[in-house]
Amino acid sequence: MSVDTRATIDPPDALEGGTEATPAVTLRAASHGDRNFTSMGFLVLLWLSLAFGIVVLAVLLVDTFIDGLPRLDSRMLTSYTSQVFPDRAGARAPILGSAFVITVTAAMAVPIGVGAAVYLEEFASKTSAFARMVELNVQNLAAVPAIIYGMLTAGLVVTVGIRRNSILSGAIALALLILPVVIVTTREALRAVPTEIRQGSLALGATQMQTVARQTLPAAIPGIATGVILSLSRAIGEAAPLLLLGGLVFVQYDPNGLLSGFSTLPIQIYDWSSRPQVAFQTAASAAIIILLVLLMAMNAVAIVIRNRSQRRW
Amino acid sequence: MKSTVFRWAAAPAAITLAAGLAACGGQSEQATPGGSGTAAALSGEILIDGSSTVAPLSSAAGELFKEKNGQVNVSVQTSGTGGGFKKFCAGQTDISNASRPIKAEEKAQCTAAGVEYQEIIVANDALSVVAHKDNTFLQCLTTAELKTLWAKGATGTVTSWKQVNASFPDAPIKLYGPGTDSGTFDYFTEAINGKAGDSRTDFSPSEDDNTIVKGVAGDVNALGYFGLSYLEENASTIKAVKVDGGKGCVEPTIETAQTGSYSPLGRPLFIYVAKKAAAKPAVKAFVSFYVDNDDAITKAAKFVPLNPEQKTKAIAEVKALG
C-alpha cells in the first residue's frame, strides 16, 4: 500500500467543485421537479431534524439568557465567588483561570502540534512504518474521551511531582486533548499548499528546511490558525478533565503562576448549577453567557482569519 | 520573525514558573510568625477537598476567615467524600470534607502513607426524604417501610406503593437518589438498609441534587432523598416525608436535626485535618475559627448548627490537633 498521498491531493480539489454541484441539483429536483410522495416526505423529515436541533438550542439559549442576563453586571466579572452572599458571587477567578489555562495550553499544544504535523507531512517518508503508526495513533487519539486525558495527566504530574490541581497540570491535560486535532488540521493545511510551491522553492536552490520555513509553513498559516483556534474553543469548554485533576470550585484569589490553583468557567458553572440556592443557579446562567460570548469571539476570530487570508491556487 | 514571537512568549512563562516555585517554597517557611506579631502575619493556601455536601460549609468558613485574614486563601474542591479521602491520605490536601465518618479501609490507606489526622465535627444535616407537594398518602414513613422500599431485594419486585403499606394506593413507585459515589448514598443505605452501599438499583441516580428535586417535583408518585438545604430551597414544589424511627413521626427541620430527634437520618458532617497541615499556623487558626464561628458558618451555608454537646466535643477535637 504505497499510495503517494501527494499525487492524490490535486484530484480531491478538482472533485470538490463536482460534489458541491451535485447536492444543489438534488435539492432542486426535490423542491421543483420530483413531487412524488417519497421525496416530499423525505424532505419534510430533513427539515424536521434540522428544526429539532435549532429549536432545542434556541430554547436553551433563550432560557439561559432570560435567567442570566439581569445578573450579568460588572460585579459578575470583577468579584470572587461568595458562599455567604450568593447574590454577590462573581466569576473573576474562573474567567482569569480559563484565560491562564488556555494560554498555557496554546503555548504547549501549538508548537508541539505544528512541529509534529510538519514532520509527518514534509519530512517523514510516507511509506515508513513509523510514520504510518504515528498517523494511525494520532487519528485514534482524536476520538479518546476528555476524561481519559485527565486521568493520564493526573498520573503523570503526580509521578513527576507537579502540583496536581495547578494551572500547569490543567494545561497539560487540555494540550494533550487538543494535540491530535491540531496535528490533523495542520497537516490538512499543509497538504492544501500546492506541490508546485515546494518544487519551485527547491528548484531555486532552497534546502528542504528553507522551503518549509519560508514557503510551505507561511502559506499554511491561515488554515493552521483556524484549526488551532477551533480546538482551543473546544478546550475552553471542557470541565471533566479539570475537575478530575482537582479544579477548584471555591477560590478567592487570582491565579498567580503556573503552579497556582485555579478554577475555570465550566467548573464554576458546574458547581453553581448544582447548588440548592436559586441565586447560584442564576449566577451559573450568567457565567454561561460569559462563556458563550468568549466562544463566539474565538470562533469569530477563526472565521475572520480564514476569510482574510484565504488564498486560491 | 516567528522565533521572536516564541521568545516573547517564553519569557513570561519562565518568570511565572519561577515565581510559582518560589511561592510554593515560601508557604511552608512562613510558618514562623513574623516580627510584627499581628494576626495579619498568617498567610498561605489551605487546600480542602472531599464531600460536595460539606463543600458549601467549608467555603463559607473560608470566606468568613478571609475577611479577617486576607493573606490566607482557602480553596475548595469537590471530589466526593471517598475521592477526597483518597487524595487526603496521599498527602495532597490539608483538610478533607466528609459527609460520613472515615471507613476502615480509608483509615488503613492513611496509616500506610503516614498521614495522621484529626476528625472534627462541624455541622449537622437532616437527610430529607421528599415527595411531590400534591402527594396525599406520603405523610410519614417508618424506617421499616423505607427499608421495604429501598432494600436491595426490592429491585424489580417492589413497584407499587401498595406493597410498601397496604393503606397506600396501587400507584407506581418512582425513585430518585444520589449516585453511588456520594457519602449521602452511603449514609442513607447504612441507616436504612443496615449496610453502606446496599440499595435497590432501579432508581434514577444523580450526582446533582437539583436533578432529584426536578424528578420528584415532576411526578406525584415519586420519592427521593437528599440534604436539608435542598428541601428548604424547593419548598414550593416538594415536601418532606416525616420519618418514624420508632419514636413517632418526625419532620426534618433544623431543630429536630440539632437535637438528634430526627433519627436515624439526622447525620453529623465532619472535616478531617491532617496533623502535618495543622502544624502551619494558618491551618490551625482556620480550624479553630471554623469551630468557634460554627453558628455563623452553618447559617451562611444553610446547615444545622452543632448542639452544645457537639460543640464541646468539637472544641476538644481542635485541642487534640496540638
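Reader: Which residues does Phe286(B) touch, not counting residues up to four places away in sequence?

Author: Contact means heavy atoms within 4.5 Å. By that criterion Phe286(B) touches Ile46(B), Ile48(B), Ser58(B), Ala61(B), Gly62(B), Phe65(B), Val74(B) and Ile95(B). This is a predicted model: local features need pLDDT of at least 70, side-chain atom pairs count only at pLDDT 80 or more, and totals for chains, interfaces and linings use all residues. Side-chain values use heavy atoms, with hydrogens and water left out.

Reader: How many residues has the largest nonpolar core?

Author: A nonpolar core is a set of buried Ala, Val, Leu, Ile, Met, Phe, Trp, Tyr and Cys residues joined through side-chain atoms within 4.5 Å; buried means under 20% relative accessible area (1.4 Å probe, protein chains only). The largest one has 110 residues, and Ile120(B) and Phe286(B) have the most contacts inside it. H7(A) gives the most to this core, namely 13 residues.

Reader: How is the packing of H4(A) against H7(A) described?

Author: Two packed helices are described by the angle and the distance between their axes. Helices are DSSP runs (H or I, at least four residues), and axes are lines fitted to C-alpha atoms over the stretch in contact, with angles from 0 to 180 degrees between N-to-C directions. Here the axes of H4 (residues 92-123) and H7 (residues 167-191) of chain A come within 6 Å and cross at roughly 35°.

Reader: What is the strand order in the open sheet of chain B?

Author: Strands are DSSP runs of E, at least two residues long, and two strands pair if DSSP finds at least two bridges between them. The order of the five strands is E2-E1-E3-E13-E4, with mixed pairing. Strands E2 (72-76) and E4 (117-126) of chain B are the edges.

Technical notes. Residues are numbered from 1 along each chain as its sequence is written. Chains are lettered from A and ligands numbered from 1 in the order in which they are written. Buried means under 20% relative accessible area, exposed over 50%, partly exposed in between (1.4 Å probe, protein chains only).
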